[in-house]
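Load the model in your viewer and keep the selection panel open. The stops below are meant to be taken in order.

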Amino acid sequence: MTAQILDGKHVAELTEAELAQRVEALKERSGGRTPVLATILVGDDPASATYVKMKGNACRRVGMESVAIELPASTKTNDLLREIEQLNAKPDVHGILLQHPVPSQIDERACFDMIALEKDVDGVTCLGFGRMAMGEPAYGCATPQGIMRLLAHYNIEIEGRHAVVVGRSPILGKPMAMMMLAANATVTICHSRTRDLETLVRQADVIVGAVGRPEFICADWIKDGAVVVDAGYHPGGVGDIELGPLADRVSAMTPVPGGVGPMTINTLIQQTVQSGERALV
Ligand code: NAP
């Protein structure tokens with residue numbers, strides 16, 4: 001069996017072409033206005049700075065605007081809360097992205113939750129998570145939502161299958177598990193206290209690696225024919241799953257890079273366009 005490659009870069013490019021048309025149409029209907037994404041970067045972590053830059057570039061590619069707010073590493077929780085409050089109040093800002101992680105003195109959860117629900121295009125608020133988990137409308141958390149979009153694009157069946165999600169972080173593993181559940185998978189969530197991870201991974205029809213450790217999930221734990229989604233990205237171009245030996249054994253897999261990463265940014269942009277459409281027409 002040769003694995004179908006779940007090509008996130010390709011799907012993101014297709015979606016960008018469609019989004020560019022929607023932004024253009026919105027401009028015509030709203031007297032030249034476009035959706036606007038406000039990005040907030042706190043501190044000078046180079047990886048975070050790169051991600052924020054990539055998000056701004058993606059905005060430009062589809063013809064919409066972004067406003068970049070950069071705050072010093074010494075920023076306090078209250079300063080950041082005030083900044084977000086101001087963005088919430090601006091009618092010409094349609095989405096707010098607070099780049100994770102923020103410096104450790106900041107209460108990141110409080111700041112995420114300050115983002116108004118209608119501007120939570122990265123899907124990071126407790127309210128948005130709760131609504132999504134209950135099947136109510138909300139913007140999905142960008143990485144897991146991007147994964148669901150990627151699986152849907154390639155018509156990967158989820159219903160009735162056993163999805164094993166390794167990782168339970170607020171921005172990835174937890175919302176991923178809820179989205180798989182909403183798609184009628186039977187879901188197992190694994191984490192650092194899970195006993196006998198290997199046995200659980202062996203049961204997976206769909207395995208999602210969201211651990212943050214390079215090639216932590218071994219190829220020989222994964223059964224033949226499984227669908228393999230690797231959210232990780234580490235120096236050297238490897239993910240959280242040992243993908244190399246799987247290409248002729250599993251039914252579908254995300255490449256690293258070019259799988260989940262482009263879908264995350266693309267989902268953020270797509271949801272900002274949706275928010276702009278709701279606000280401007
Ligand atoms: P995180 O916040 O560090 O969470 C890692 C999760 O893995 C935690 O839930 C942790 O469990 C679990 N874990 C750690 N060691 C484990 C072990 N030995 N066995 C089983 N589970 C273990 O990381 P994250 O933000 O979710 O990111 C996960 C990965 O996705 C990283 O590689 C990151 O680079 C990548 N990522 C990619 C994108 C993208 O756009 N492509 C976006 C976000 C993240 P506990 O909860 O028990 O500590």
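In which helix does Glu 24 lie? Select residues 8-29: this is helix α1, and Glu 24 lies in it. Helices (H or I, at least four residues) and strands (E, at least two) are DSSP runs, numbered from the N terminus. This is a predicted model, in which local features need pLDDT of at least 70 and side-chain atom pairs count only at pLDDT 80 or more, while totals for chains, interfaces and linings use all residues. Residues are numbered from 1 along each chain as its sequence is written, and side-chain values use heavy atoms, with hydrogens and water left out.

Glu 24 is partly exposed because its relative accessible area is 42%; buried means under 20%, exposed over 50%, and partly exposed in between (1.4 Å probe, protein chains only).

**Domains**

Colour residues 31-116 as domain 1 and residues 142-261 as domain 2. These bounds come from an automatic or database domain assignment. Taken over C-alpha atoms, the domain centres are 28 Å apart.

**Thr 77**

Select Thr 77, in helix α3 (residues 77-89). Thr 77 counts as buried because its relative accessibility is 17%. The side chain of Thr 77 reaches the backbone nitrogen of Asp 107 at 2.9 Å. Not counting residues up to four places away in sequence, Thr 77 touches Gln 105, Ile 106, Asp 107 and Cys 111; contact means heavy atoms within 4.5 Å.

**Pro 101**

Go to the loop between β4 (95-98) and α4 (108-114), where Pro 101 is found. The peptide bond joining His 100 and Pro 101 is cis, with omega about 0°.

**Helices α6 and α7**

Show α6 (residues 142-153) and α7 (residues 173-182). How do their axes cross, and within what distance do they come? The axes come within 9 Å and cross at roughly 35°. Axes are lines fitted to C-alpha atoms, for helices over the stretch in contact, and angles run from 0 to 180 degrees between N-to-C directions.

Display the side chains of Pro 144, Gln 145, Ile 147, Met 148 and Leu 151 in α6, which meet Pro 175, Met 176, Met 179 and Met 180 in α7. The residues of this contact divide into 8 nonpolar, 1 polar and no charged. Here Ala, Val, Leu, Ile, Met, Phe, Trp, Tyr, Cys and Pro count as nonpolar, Asp, Glu, Lys and Arg as charged, and the others, Gly among them, as polar.

**Around strand β6**

Between α7 and β6, select Asn 184 in the loop. Asn 184 is a residue other than glycine with a positive phi, near 70°. It counts as partly exposed because its relative accessibility is 46%.

Next comes Thr 188, in strand β6 (residues 186-190). Is Thr 188 buried or exposed? Thr 188 counts as buried, at 19% relative accessibility. A polar contact of 2.7 Å joins the side chains of Thr 188 and His 162; the term covers a pair of N or O atoms within 3.5 Å, and within protein one must be able to donate a hydrogen and the other to accept it, with residues adjacent in sequence counting only if both atoms are side-chain atoms.

Move on to Asp 196, in the loop between β6 and α8 (197-202). Its phi is also positive, near 55°.

**Last stop**

Finish at Pro 257, in the loop between β9 (252-253) and α9 (260-280). The peptide bond from Val 256 to Pro 257 is cis, with omega near -5°.
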